[in-house]
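Hello,

Here is the structure for you to look over. My notes follow below.

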Amino acid sequence: MSPADTTDTAPLLEARGLTFLRNDEPIFGPLNFALHAGEVVLMEGDNGSGKTTLLKVLSGLLPPSEGEVLLNGAPLTLARLSHQVALLGHLLGLKLELSPLQNLRFAMGIGGLRAGISAHQALASVNLEGYEDVPVRQLSAGQRKRVALARLLLVPAALWLLDEPYANLDRDGIALVNRLLEVHAHRGGAALITSHGAYAYTSGTPRRLPLKVTA
Amino acid sequence: MSPADTTDTAPLLEARGLTFLRNDEPIFGPLNFALHAGEVVLMEGDNGSGKTTLLKVLSGLLPPSEGEVLLNGAPLTLARLSHQVALLGHLLGLKLELSPLQNLRFAMGIGGLRAGISAHQALASVNLEGYEDVPVRQLSAGQRKRVALARLLLVPAALWLLDEPYANLDRDGIALVNRLLEVHAHRGGAALITSHGAYAYTSGTPRRLPLKVTA
Amino acid sequence: MSFGSTQAACRALIVRDLTLVWRRRGDALNPVLFALMVLVLFPFALGPEPQVLGRIAAGTILVAVLLAGLLSMDALFRSDLEDGSLEQLVMSPHPLSLLLACKIAVHWLTTALPLVLASPLLGELMNLPGPVRPVLIAVLALSTPLLSLIGAVCVALTVGMRRSGMLLALLVLPLYVPVLIFAAGACNAAANGLPIAAPMLWLGAGLALSVVVAPLACASALKISLS
Amino acid sequence: MSFGSTQAACRALIVRDLTLVWRRRGDALNPVLFALMVLVLFPFALGPEPQVLGRIAAGTILVAVLLAGLLSMDALFRSDLEDGSLEQLVMSPHPLSLLLACKIAVHWLTTALPLVLASPLLGELMNLPGPVRPVLIAVLALSTPLLSLIGAVCVALTVGMRRSGMLLALLVLPLYVPVLIFAAGACNAAANGLPIAAPMLWLGAGLALSVVVAPLACASALKISLS
Amino acid sequence: MSEFLAMGGYGGYVWSAYAIFFVVLAADALAPQLRRKRVLRDLRGRLKRQQSRGGESQ
Amino acid sequence: MNPLALWFHKMGSPPTFYRLAGRFLPWLWGIALISGAVGLYGGLVLAPSDYQQGDAFRIIFIHVPTAWMSLFVYAFMAVNGFIALVWRIKLSETLAMASAPIGAAFTAICLATGSIWGRPMWGTWWTWDARLTSELVLLFLYLGVIGLYHAIEDRRQAARAAAFLALVGVVNLPIVHFSVNWWNTLHQGSTVKLFGPSLIDPRMLWPLLTMAVATKFSFAASLLSRARVDLLELEAGKDWAREVALAEERTP
Ligand code: HEM
Ligand SMILES: Nc1ncnc2c1ncn2[C@@H]1O[C@H](COP(=O)(O)OP(=O)(O)OP(=O)(O)O)[C@@H](O)[C@H]1O
Ligand SMILES: Nc1ncnc2c1ncn2[C@@H]1O[C@H](COP(=O)(O)OP(=O)(O)OP(=O)(O)O)[C@@H](O)[C@H]1O
Ligand SMILES: [Mg+2]
Ligand SMILES: [Mg+2]
């Protein structure tokens, strides 16, 4: 994960003068940044500084009030983007009544499948062998988060947007997230992750993107 | 906050062989511990190890399956306990439509008022001057948590049970929680706080209470 | 250091709940609008003949008010549960049943009372025969608090559940049937010029009983479903 | 690496929703039970005279089915919103309106179809005149999908809201009125031995139109209320 | 005059209809004025809050 | 850019609109009051009583204008809602949402005066006749739009959602208007015609039309003053709103 040697290619994600207003109050100011393949960027900000909102704008769920988002150099539209972007928010998007395997099958049906990996393998790489057919309701919070991480491994998205991926995870879980991020960056993916700064991103020193409220 | 010099008085809270079963599966095993005035105990455990459940048992919301909880040496009942115990859980118990001041007034009406402090002073000591009359809905997550902390300062409870008080707070907020805990311990209160271990309890080294799943 | 009196606790609760209703005062009209709309559907479904409508008016109004009350019941504890203030309430040092009685009273005042006040209008819409009108108002004034109290116990039982809407309906309706029978009985008697004292007395007795018993039952049910 | 076909996406969605309904198959009966109970309330409220009940049977059944459908509508997107899968759905590369059409179809199959199938029983209960019975079934078969489609658009508008139950009713009912008028018109015509072709054709035309338009409107409404 | 007020026996109907017309329209006209006062008060309160907070930090 | 959108952008920047509307408002209220007074004098005093209905017919001078307004305001709201949805123009959102309560008020007056009129004419306050019912449904639509708008927190998202609902409800307008032709109703059919001779005595017609003008102007005035407050609230963070707040403090 060396940001320097990738800056000459077109950035995977680029924000130009990106602003978002709610009730005409700026949530985050004009933001300019680029995210290249192989990079993991940690976005820091105090409570209410707009981290979650920024991720929603970057994933096309909220329209930006000003400025634009470029994906591989082309403007973002919800349809184009969705092959390339995977979002993991505060809500995991898992059905509690279904098993991890059924949840992953649905995600594959909707989002597609990365080459060279199966649902079983994805579950194994988040240390959930043996839980394939247990309803998610019976899993602990940490294990549920792992299922959601398995979904990231499975769908063919190059850009991961992770909102507080460490929250509610114990130390093992935090190490797992860091390992997954490293693997993803090594094979040419990129990730933007948020944190309010109280957790440690332990593997190396990531590039940090401070988010300041402009109001 | 020196645990050694208080152990000869009757403990504020004592658990004897405390066990909780859900569907006949043990959530936490037979626990024996005592909490004395002036102590802050950090309870650590992995995801799903039963921290939240233990706090609910200790606050009388869930009946223990075996063993007993003693409060100042007498068995716990919901009515007796509530003057002495304040619980701050994942849900803050604030009405979003009301202002911090209105929320605190309600809390005082229901729970009573500690001597020598007013609602305005409590808000001031969590750095919320100027926000007395803004609806809580317009506060950020961190500010909301501060309002809930102000409630702790206000009601006359000697024992604080705090479930992941650091979660979702930024670094300033974490420092504030630690300061409040210190003040509370110094004036003879006690606190049991939970954490899954990824946050740092920064002021001194608290006594730690590991929570192991016995199943 | 003061622990506060029970009276102060009740007052704090009532003030808070009334303030909350006032902040969302538009929502308080919803039950009336719903009952109105259920009634509006009937002329469409049955055709507009005044005699037919007049014959079924009292019963239909009762059913509409009952359904509106049922649907508004769901909100009694929901927001308190969702934001955690229900736990604070249960942990308070004051008798829970008394606090719940205050909550139910405020809920009735703000959801059912507007329905009672709107009932003359509803009667007009449905061509309700003249002699039945005052009786209908009296019947509603007696039976809506009864429905609120019974409903509150059932809501307390289902409060921790997701998607409790339909389930609540299933639990509550059988308990509402006796109330409906006496209420409709009084209206029918009035329509036929018979004395209405007996059903009214039954309703009053039920109300007196449930004012005492329901808050206690509600408190126990709540403790069960929170644990 | 494969991005999956739209057909596969629809299939995955239908399989998942059906599995979920199967996991909670008790809930699928709720609308039928609710309609049943509304109908049971009427004899209590009106007295058990068979002529009166028979006269109002068709209309009351229609209203009960409509209310039951309305109440079940609320659950269409709620759980998907609460656990975040709605965002995943909106972000999927496939046309949202098609995916929503699949969701609405499954919802109709599992909540309204049981009502249609139970309607002979409901008719029996309410003393529905013989010639109206087959017509009622046909009318329900045509109008319940129409109600589901119209309702889905309004649910999509209110999906992000807390306490949307009553508001949804307020939004939906004015739009349900025309459907109810034609449905009741067909039943009345059948009861009086008149031809029923005209209202049935209107219902069919409405259904055909809304099958095309409603999923698109639903998708736009959903995007508005998620943003 | 009283004949005019009687409206040929329909006075009650006519005048109550007109009363409703005027009361509702007057309320409709007054509502924005009242809200305007409140909004301006809120705005000024907000300005003061911002000024006092700005003064503190400097 | 679309010329319509361009015009809206120029005229519809909130501070410009706020200033212009403030200048128009006294005139609009003045015209509304004067024409209303004239119309009422013509209707209540000058017009002869009806040969069938006696003096009860004088309710027509408020019933019919408010009935027309109930339809007109809905159409206005829907058009603005459409513009708001397609071009995302803030002024249109504001205008659409500001017209909903006014429309609801007109609809309520129409219903109330109609049913007061119906009592002596038809012997009942209310029947389930197609026109009456569709007008009631119109009131519900207004209330639904208002309710939806207030139920969503973000003002602009709320406006878009409510505008969407308003558009869906447009189907009801032709039903209200043509119900007297499509179904045989108790309510009477059209007597005033825009094209061709009206079937009404001119001494009754001119006060009616004057009242129609008066309600139009009172709508415009109420709309502008509502939209002004809404914009002020919506743009509370902007400089111009602060200036307005300070200026009004100096000259209260
Ligand atoms: C609650 C009862 C009533 C309602 C809701 C109602 C509603 C309406 C509406 C919506 C219109 C305007 C239709 C259009 O321009 O397309 C209208 C017009 C009119 N109404 Fe009523 N009305 C009611 C009662 C009455 C009564 C009792 C009378 C008189 C006996 C009456 C006489 C008229 C007349 C003369 C017009 C003008 C028709 C024309 O020239 O276009 N209305 N009413
Ligand atoms: N749906 C909403 N409507 C109105 N305001 C909102 C909404 N969601 C968020 N906000 C406001 O927008 C601001 C940014 O919120 P956001 O959730 O993006 O913050 P965050 O950086 O993710 O904070 P946290 O660390 O608490 O997760 C906050 O002030 C919040 O109050
Ligand atoms: N209402 C419930 N019904 C059934 N099981 C439950 C319920 N609540 C919790 N559990 C189970 O009890 C166990 C302990 O849960 P608890 O919430 O106490 O864990 P925790 O230590 O607080 O974990 P976390 O770090 O995720 O907050 C978990 O395995 C959980 O699945
Ligand atoms: Mg966030
Ligand atoms: Mg926990």
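Which residues touch the most other members of the largest nonpolar core? They are Leu58(A), Leu58(B), Phe77(C) and Phe77(D), in a core of 316 residues. α9(D) gives the most to this core, with 18 residues. Apart from it lies another core, of 39 residues, including Leu88(B) and Leu153(B). A nonpolar core here is a set of buried Ala, Val, Leu, Ile, Met, Phe, Trp, Tyr and Cys residues joined through side-chain atoms within 4.5 Å; buried means under 20% relative accessible area with a 1.4 Å probe, protein chains only.

This is a predicted model: local features need pLDDT of at least 70, side-chain atom pairs count only at pLDDT 80 or more, and totals for chains, interfaces and linings use all residues. Residues are numbered from 1 along each chain as written, chains are lettered from A and ligands numbered from 1 in written order, and side-chain values use heavy atoms, without hydrogens and water.

Now chains D and C. In contact (heavy atoms within 4.5 Å) are 39 residues of chain D and 39 residues of chain C. The two chains bury about 3,700 Å² between them, 78% of it on carbon and sulfur atoms. That is accessible area (1.4 Å probe) lost on being put together, summed over both. On the chain D side, α3 (30-46), α4 (50-73), α5 (75-82) and α9 (165-191) each supply at least two residues. Helices are DSSP runs of H or I, at least four residues, numbered from the N terminus. α4(D) gives the most, with 12 residues. This side divides into 27 nonpolar, 6 polar and 6 charged residues.

Best wishes

How values were computed
Nonpolar A, V, L, I, M, F, W, Y, C, P; charged D, E, K, R; others polar. Buried < 20%, exposed > 50% of the residue type's maximum accessible area, 1.4 Å probe, protein only.
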